[in-house]
Amino acid sequence: MKPSHEAGGSVHSYIVVALVLAVITYMEFALVEYDFNFLSPQAVIFWLVLLSVIKFALVVLFFMHLRYDSRILSGLFGSGLVIGVGMVLALSLIFAAFQGLSLAQESAGGEAEAAAEELIAERSLLERFLYPAPKDFGLDVSPTLPPPEIVGIKGELNLALTLPAEEAVGSEAAPPSEISAVAAFDWQELGASTYGNCAACHQPTGQGIPAAFPPLAQNLPLLYNAEGGRAYLISVLLYGLQGQIDVLGQSYSSVMPAWQQLSDEQIAAVLNHSLTSWGNDDLLADFNAIEPAEVAALRGQDLGPQQVLELRQQLVLE
Amino acid sequence: MALGKQAAEQPGGLLTRPTAARGIWSWLTTVDHKRIGILYFVAGFFFFLIGGLEALVIRLQLARPNQALVDPDFYNQLFTMHGTTMVFLGIMPLSAAFFNFLVPLMIGARDVAFPRLNAFSFWTFLAGGIILNSSFFLGGAPDAGWFGYAPMTNTQFSPGTGIDFWIVGLQILGVASLMAAFNFIATIINMRAPGMTLMRMPLFVWMTLVVQFLVMLAFPAITIALIELLFDRQVGTNFFNVVNGGLPIMWQHLFWIFGHPEVYILILPAMGIVSEVLPTFSRKPLFGYPVVVFSGVFIGFMGFAVWSHHMFTTGLGPVANAAFALTTMTIAIPTGVKIFNWLATLWGGQIRFSTPMLFSLAFIAMFTIGGISGVMLAVPPVDAQVQDSYFVVAHIHYVLIGGSLFGLFSGFYYWFPKVTGHMLDERTGKWVFWLMFAGANITFFPQHFLGLIGMPRRIQTYATGLGFDLWNLISTLGVFVLSAGILLFIYQVLRDIRLGERAAADPWDGRTLEWSIPSPPPVYNFAELPEVRDRDQLWYQKHGPKHHGGGLPEKPAETDQGIHMPGQSWYPLMTALGLLIFAYGLVYNLLLAGLGLVAVIICIYSWAFEGVGGYHIHPKTEEQS
Amino acid sequence: MNHTAAHGVAEPLEHRSTNIPDRKILMWAFLGSDVMFFGALIASYVVYKGRSLTGPYPAEILDIPLTTISTFVLLMSSFLMVLALHALRENDIPRFRLWTFGVCLFGAIFLGFQVYEFRAFFQEGLSLQGNLFGSTFFLLTGTHGVHVSIGVLWLMSLLIGSYLRPIIRKDALNLEIAGLYWHFVDIVWIVIFTVVYLVEFV
């Protein structure tokens with residue numbers, strides 16, 4: 001006699017399920033390994049997700065025999081599944097809503113462009129809600145980047161740390177080669193928006209926080225005016241800075257993270273922005289805007305934050 | 001005790017099966033849910049006092065401006081440990097004490113589904129408490145706040161072992177909570193008395209069930225976050241390491257995906273208790289029982305959809321902020337529904353203002369205040385203004401003291417006669433209530449003002465002339481009133497547990513099954529499994545029409561074997577001990593951790609081969625003899 | 001030593017509100033919880049995807065043909081698992097032992113693939129410390145590997161136990177619960193295979 005709780009299928013059904021699982025696994029393999037020209041990358045991802053959902057469901061329903069078993073057990077497992085999937089989706093959305101964009105742009109071919117346009121169309125719904133005026137898609141692809149005044153209200157320590165998502169996409173979406181075609185480097189707006197990354201620590205006023213984060217106001221001109229200061233400032237952004245430094249008579253011992261994920265344009269723009277804000281421009285000996293090409297030239301040196309500290313010690317400050 | 005025991009043959013294990021009926025050994029090896037409940041209460045209350053002591057020092061330090069009673073470093077440890085202790089070692093185990101003692105009694109069962117696992121949960125919880133508190137004596141306690149934000153917790157900013165203790169301590173406590181959650185889910189699903197359908201379960205059991213689901217689904221998130229942090233600290237991974245692209249904000253997400261359901265883990269048991277106390281002392285059934293049940297379930301579910309409201313000021317962007325503000329405000333709806341149901345339960349009732357009732361009424365008032373300041377905080381611009389200020393401190397303390405703690409005290413006064421067989425003196429009880437009620441309000445209401453005029457939380461001291469002086473002084477004075485209430489409570493319990501008036505089986509004219517058996521309950525709980533025909537079964541048995549409810553339950557299979565009682569066991573304690581060694585090993589020495597792990601594995605195998613064991617009791621034949 | 005003695009007292013004849021065994025509810029509750037464990041790990045992987053500052057990057061070192069084979073092995077071990085349970089319920093002890101041994105063997109082969117893969121990745125410069133991909137990848141697949149190892153140990157224990165004392169069809173519940181765990185480990189891999197491996201090469 002079969003106890004009522006012993007749910008399960010027949011051997012025949014198990015064999016069928018196992019065969020289907022094997023076939024699906026081969027299909028997944030084939031989708032990735034062979035070239036299906038008629039399928040766009042989005043379509044391939046769609047099929048991969050669908051196939052793995054089918055595999056998942058087959059194992060749960062037949063091998064774990066939830067199909068034949070009590071609904072209470074489905075409820076126990078389902079509660080975890082619903083909340084778990086919800087969590088993964090929500091976090092992916094919060095962090096990487098626009099990663100698909102860069103993916104589409106990197107891949108060559110007309111389809112990818114069409115797909116990117118599709119994404120733009122999708123995105124613009126959101127964007128239209130947030131920013132009534134249409135944005136230039138080429139340069140500033142970070143619609144979730146809050147405008148500076150909002151950043152100003154939030155004097156929150158972690159602000160900067162949430163933003164690299166959009167920045168990273170920004171750099172991928174706008175590779176330097178395309179931008180260099182632009183004749184004059186127009187950094188004002190880009191610099192102000194990129195400064196959102198810095199404001200959490202250095203504050204919207206550029207004053208920093210005493211003993212924790214050094215001020216940029218009054219400090220940057222000193223560095224810029226020194227010989228080699230221009231390159232030093234770029235290096236700080238590219239490679240970070242770590243160790244004890246003295247700024248305007250106060251000692252700081254903290255970490256400046258490296259911002260390699262920002263594009264050359266963004267780094268140049270945010271430096272120009274900082275050098276000309278908060279009364280800094282009056283203190284500059286003579287100001288020539290930093291060009292993206294200068295940033296590009298300093299990339300790839302593989303410096304550590306401690307080595308940047310050594311660079312700083314070599315500077316002769318007034 | 002002349003219990004009819006059948007000595008069970010035991011296969012040889014590492015340890016012989018313990019059978020001590022009294023003395024310390026019986027407590028160390030007990031698997032009786034009632035004893036484990038008492039153990040949870042004693043240990044939880046002990047840690048609660050430690051946490052209270054930490055709070056007292058914090059308030060003394062803040063009583064006047066520019067004081068230096070404790071230095072800033074120690075102050076950081078104090079508020080970190082105060083938060084961690086109260087959440088994980090105070091309110092959670094005190095709630096667990098009620099789950100353990102009451103859930104089997106309320107559903108008409110003789111024990112939980114897995115008695116040894118239940119004991120393991122307790123000992124593991126105790127191990128976690130020991131690990132966390134021992135850090136004070138082993139090079140400094142954790143000092144990064146109870147939510148341990150990265151990157152403050154990395155090796156650069158927290159080089160000591162404090163954070164490591166915090167990590168492993170919370171991991172161990174997570175194991176304890178998860179095991180208890182699985183156990184109670186199985187118990188409530190499977191061990192209800194005949195006829196006890198889900199919609200006939202007492203409200204407290206319902207809220208317990210929701211809490212166990214929350215534990216089951218929320219603790220994994222913090223477990224993974226803690227593992228990632230431990231790897232960052234000890235192996236050098238990059239999860240929260242900015243230099244290599246890690247995102248400290250990810251810590252906040254994972255922590256609050258756990259942390260917000262955790263808030264409901266703390267408040268829902270108290271809501272369950274209040275939903276039992278109010279009808280009893282109003283002599284009316286709970287108003288709108290199904291609505292209260294479903295709003296509890298809805299609160300639990302929505303608890304997973306609001307975590308980012310703890311992160312409004314981290315630059316999530318307007319869309320995410322708006323979405324999480326909406327979900328947060330949505331939660332206020334079922335919560336409000338509950339409050340109105342409680343009020344409607346009182347309406348037209350024959351109210352007795354006994355001590356449990358007073359605590360429950362205070363719960364409604366103070367939880368409403370805390371809830372409303374919560375809705376204020378759900379508005380992102382408001383949150384941007386008062387975030388990390390004493391306004392938030394006032395909010396959480398209204399919810400956790402006025403809410404959770406008062407609910408638990410209400411339950412304690414209500415069920416003390418059932419647990420001990422002695423009544424708590426009403427006059428002293430009312431003194432305790434008014435002292436605690438006055439103390440909590442004097443302490444925490446001024447903190448709203450402090451927050452609004454800009455006093456940040458977690459500061460060791462403040463300058464004079466900022467307008468903080470008076471309110472801080474009043475707040476500190478309030479703590480003394482609150483402490484007086486707690487001290488009087490301890491005195492009262494120690495006195496009345498021996499000298500209190502003998503309690504009858506049903507001193508309050510109760511409604512639920514635990515009042516149908518003697519006080520204190522016999523080890524087997526129910527001589528005969530009750531048959532449940534109605535919600536508020538006992539009430540209808542006593543006062544209602546016969547066969548009020550429909551659906552005649554099926555008769556349980558009669559056995560002449562007697563009542564099976566599970567055997568005591570060493571292995572829950574030994575396994576927890578192995579985990580304790582493992583945890584210290586993770587902090588100090590991986591070899592030691594390996595040793596602990598081996599001990600745990602040996603214990604698990606021995607546990608599995610030990611079997612349920614036990615003996616049989618024949619309550620009826622005993623009565624005759 | 002007969003079965004009853006091994007358990008001390010005969011299975012308690014107690015009232016239950018449903019016809020599901022307690023331990024099965026416990027296992028499913030654990031699996032519901034374990035979904036959240038892996039959910040948090042997968043969320044970490046997905047959030048950190050494409051954020052590594054230095055290589056090696058996933059597309060450079062992941063190997064689809066190799067992993068497809070190990071995925072197939074794990075899927076087939078699940079198939080053997082249901083056959084083993086079916087055999088035990090039919091009281092066919094020799095088949096039960098054969099299939100259970102097969103599950104353990106396939107599980108061990110999967111672990112072998114994983115060890116080989118980890119070693120190869122280490123040699124190509126991927127490490128827990130090197131970049132975010134290394135940290136998230138090793139923690140996710142490593143946790144899964146630990147789950148597989150526990151499953152193999154569990155099933156081995158049941159298999160060895162069947163030689164030490166007579167196994168009867170009532171013990172099918174023990175095997176069913178271990179099997180639920182095993183299948184769960186399998187479906188987690190289905191998700192990991194797609195999210196970590198396949199999507200990388202589209």
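Residues are numbered from 1 along each chain as its sequence is written, while chains are lettered from A and ligands numbered from 1 in the order in which they are written. Since the model is predicted, local features need pLDDT of at least 70 and side-chain atom pairs count only at pLDDT 80 or more, whereas totals for chains, interfaces and linings use all residues.

Chain C contains seven helices and zero strands, and its C-alpha atoms fill a box of roughly 60 × 35 × 25 Å along the principal axes. Of the 202 residues in chain C, 50% are buried; a residue is buried if 20 or more other C-beta atoms lie within 10 Å of its own, exposed if 12 or fewer, and partly exposed in between, with C-beta atoms placed from the backbone. Among the contacts in chain C with a separation of 6 or more, 85% are accounted for by residues 24 or more positions apart. Within helix H2 of chain C lies C:Val35, which counts as buried because it has 27 C-beta neighbours inside 10 Å. C:Val35 touches A:Gly80, A:Leu81 and A:Gly84, residues up to four places away in sequence not being counted, and its C-alpha atom is 8.2 Å from that of C:Val188, a residue 153 residues apart from C:Val35 in sequence. In the loop between H2 and helix H3 (58–61) of chain C lies C:Pro56, and the peptide bond from C:Gly55 to C:Pro56 is cis, with omega near -5°.

Two helix pairs of chain B were examined. Two packed helices are described by the angle between their axes and the distance between the axes; here the axes are lines fitted to C-alpha atoms, for helices over the stretch in contact, and angles run from 0 to 180 degrees between N-to-C directions. The axes of helix H10 (residues 355–377) and helix H13 (residues 426–452) of chain B come within 9 Å and cross at roughly 15°, so that H10(B) and H13(B) are roughly parallel to each other. Angles under 35 degrees count as roughly parallel, over 145 as roughly antiparallel, 65 to 115 as roughly perpendicular and the rest as oblique. The contact of H10(B) with H13(B) has five nonpolar, two polar and two charged residues. In the second pair, helix H7 (residues 248–282) and helix H12 (residues 390–420) of chain B pack at an angle of about 45° with their axes 8 Å apart, and H7(B) and H12(B) are therefore oblique to each other. The residues of the contact of H7(B) with H12(B) divide into eleven nonpolar, five polar and no charged. Elsewhere in chain B, a cis peptide bond with omega of about -15° joins B:Ser519 and B:Pro520, and B:Pro520 lies in the loop between helix H14 (469–499) and helix H15 (537–542).

Chain A comprises 17 helices and two strands, and buried residues make up 38% of its 318 residues. The average pLDDT of chain A is 74, with 69% of the residues scoring at least 70; pLDDT is the predictor's confidence in each residue, from 0 to 100. Over residues 98–182 of chain A, pLDDT stays under 50. A:His65, in the loop between helix H2 (41–63) and helix H3 (71–96) of chain A, has a positive phi of about 40° although it is not a glycine, and A:His65 is buried, with 22 other C-beta atoms within 10 Å. A:Leu248, in the loop between strand E1 (241–247) and strand E2 (250–256) of chain A, likewise has a positive phi, near 50°, but A:Leu248 counts as exposed, with 11 C-beta neighbours inside 10 Å.

Notes
Helix = DSSP H or I, 4+ residues; strand = E, 2+ residues; numbered from the N terminus. Contact = placed C-beta atoms within 7 Å. Nonpolar A, V, L, I, M, F, W, Y, C, P; charged D, E, K, R; others polar.
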